[in-house]
Amino acid sequence: MQVNEIISLLKTEFGKDILFTKEISPSRGLVRIDPERIVAVAEFLFIRHGFRFIIASGFDSKEGLEIMYHFMLDESHFILNVNVVLPREDPWIDSITPLIKGANWIEREILEILGIQFRNHPQPEPLLSGENWEKGYYPYRRENKDV
Amino acid sequence: MRKTVIPIGPYHPLQEEPELFKLYCDGETVTDIEWETGYNHRGIEKLSESKTFDQVFFLVERICGICSTSHPFAFANAVEEIGAVEIPLRAKYIRTIIGELERIHSHLLWVGLAGHFLGYNTVYMWAWKYREPVLDLFELITGNRNSYAMFKIGGVRRDIPNENIAGITRILNELKPKLDLIKGAVMDDPVLHMRLKGVGVLTRQDVIDFCAVGPTSRASGVPGDIRRDDPYAAYGLVDWDVITAEEGDVFAKAEVRILEMYESVRIIEQCLEGLRKEQEGDIETKVKDIPPGMGNGHHEAPRGEVFHFVLTDGSNSPVRHKVRAPSYTNIATFKKSCIGQTISDATISLAAVDPCYCCTERMVVLYDAWTGKPLMNTRELVRKSQEKTEMLRKKIYH
């Protein structure tokens, strides 16, 4: 399989919920999806097409709070970046941990650095910060950029 | 049911770095495991945003003392992907040599530690003894036993002069029989077969579910290896095999690591041959600036895939820099590999993934307790270190 093929399959399966796609190179792809469909897209990639979940990167951009889920199809030698944008006020998204156990830690980490809530996460607790960490302080939010 | 909790850590003689494992036991059997992390959290991703691209190399190199070239490797791959930088062939060979030497020394370190955990101290002594010549090679090539500062955007910082290749080859040739010795001591030992087979088993499905990487996944029959699956540096130019095993137990993990060292020697030998054909000094492509974009860089470190995600905006610093070390996914497999084991098997099952909590060791100044005078300060240590490097150079190259 190639990057453009999986992008076409995603478009066919999810239609208008695929908001933007880009084939960056033969080994890198980018798709932006409706956040409500993250579990379905993760299932499509991880269960149906055998992608491996590498990790997710959370960051604060001009558009809002973003999560980039990095999936790789090892035998086809390419990475697919699945991007979602969430609002800064009350950001939440469905957890993919019930589907992919390897996402447990990173969702907890994104929760503590950006304050994104993961619905249905089996253990929604901070991963790295100590008990005395200030509640509601998220170091990777733009307002704390220069701290 | 009454349960006993056995804590390992956060500071424990078994572990070099702090991390707390709580083993919930029913009698001798481990029924559940929980862990606490964050004792060594240094905010490196956040710190990276305040550094220039050149400075970030020195920062990520200090994420881990053992795989100190893996993070710069992955970071360079990510940034060079954004800038579409093609590095000279000679630099590709040198990067690959450094990456593979690191694999050998890291696997030898693990074999030694695993032997020590099992009370098989002969293997521990041998593995660590024969790891020393590999570290000497690092010192010769880079000037340091660890934290080599070899990588930069567009290439490497130091060349390997062609006249030194013979010396490096000689050390590698001397290493091969030592690897045979260690291979025999582990793989032909009936006690180790009985002790390690069927212990800490991870099935193929467990590996897929937990997204485990590196020898941890390859020992369970999942043949993922970034060097082959997304070739970079010189990995696509040399001939080598991905080592896998099917059993998923601790013995299989040991087997994979030991056999991988032979593949590393094969790769290094071919890279050294490649170096002879390339012009000396051609080790860098000049890069003026990095355009806005995103890069996914990864490298197959000794413990598995190191992944770096970098976002840039055209300035000389990353806007976001995400780092994922292999232990981040591998440690989570303990939930499978330790449960149902006895306490004595749980410790080697924990050690089998070669967990690394992203350590760094720091220099300390020692003071005489009686006089209060420093016994050795940084300057003296550096001088002694440089003298030793010079002595090694003379011994191996001349």
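## Domains of chain B

The domain assignment of chain B gives domain 1 (43-330) and domain 2 (365-398); such bounds come from an automatic or database domain assignment. The model is a predicted one, in which local features need pLDDT of at least 70 and side-chain atom pairs count only at pLDDT 80 or more, while totals for chains, interfaces and linings use all residues. Residues are numbered from 1 along each chain as its sequence is written, and chains are lettered from A and ligands numbered from 1 in the order in which they are written.

The C-alpha centres of domain 1 of chain B and domain 2 of chain B are 28 Å apart. Seven residues from domain 1 of chain B and five residues from domain 2 of chain B make up the contact, where two residues are in contact if their C-beta atoms, placed from the backbone, lie within 7 Å. On the domain 1 side, the elements giving two or more residues are helix H5 (121-142) and helix H6 (165-187) of chain B. H5(B) provides the largest share of that side, three residues. Helices (H or I, at least four residues) and strands (E, at least two) are DSSP runs, numbered from the N terminus. By class, the domain 1 side holds two nonpolar, three polar and two charged residues. Here Ala, Val, Leu, Ile, Met, Phe, Trp, Tyr, Cys and Pro count as nonpolar, Asp, Glu, Lys and Arg as charged, and the others, Gly among them, as polar.

## Contact between the chains

Between the two chains, 20 residues of chain B are in contact with 25 residues of chain A. Helix H8 (204-210), strand E7 (304-312), strand E8 (320-324) and helix H12 (326-330) of chain B each supply at least two residues of the side of chain B that touches chain A. That side of chain B has seven nonpolar, six polar and seven charged residues.

## The sheet of chain A

In chain A, five strands form an open sheet in the order E1-E2-E5-E4-E3, with mixed pairing. Strand E1 (18-25) and strand E3 (52-61) of chain A stand at the edges with a single partner strand each, so one side of each is left without a neighbour in the sheet. From one strand to the next, the twist averages 20°. Two strands pair if DSSP finds at least two bridges between them. E3(A) runs antiparallel to strand E4 (residues 64-73) of chain A, and nine bridges join the two. In this pair, Gly58(A) stands opposite Ile67(A).

Two helices lie across the sheet strands. Helix H1 (residues 3-14) of chain A lies across E1, strand E2 (28-33) and strand E5 (78-86) of chain A, and runs at about 175° to E1(A). Helix H2 (residues 38-48) of chain A lies across E2, E3, E4 and E5 of chain A, and runs at about 175° to E5(A). Axes are lines fitted to C-alpha atoms, for helices over the stretch in contact, and angles run from 0 to 180 degrees between N-to-C directions.

## The nonpolar core

The largest nonpolar core has 137 residues, and those with the most contacts inside it are Phe71(A), Leu80(A), Val79(B) and Val111(B). Such a core is a set of buried Ala, Val, Leu, Ile, Met, Phe, Trp, Tyr and Cys residues joined through C-beta atoms within 7 Å. Helix H11 (residues 250-277) of chain B gives the most to this core, with 12 residues. Leaving out residues up to four places away in sequence, the residues that Phe71(A) touches include Leu45(A), Phe53(A), Leu80(A) and Val82(A).

## Strands of chain B

Eight of the nine residues of strand E6 (residues 293-301) of chain B are buried, so E6(B) is largely enclosed by the rest of the structure. A residue is buried if 20 or more other C-beta atoms lie within 10 Å of its own, exposed if 12 or fewer, and partly exposed in between, with C-beta atoms placed from the backbone. E6(B) pairs with E7(B) in the antiparallel sense over nine bridges, and a hairpin joins the two through two residues. His298(B) lies in E6 of chain B and is buried, with 27 other C-beta atoms within 10 Å.

Strand E2 (residues 20-26) of chain B and strand E3 (residues 29-36) of chain B pair in the antiparallel sense over seven bridges. Two residues lie between them in a hairpin, and Gly27(B) in the turn has a positive phi of about 65°. Val5(B), found in strand E1 (residues 4-8) of chain B, is exposed, with 10 other C-beta atoms within 10 Å. Val5(B) touches Lys22(B) and Tyr24(B), not counting residues up to four places away in sequence.
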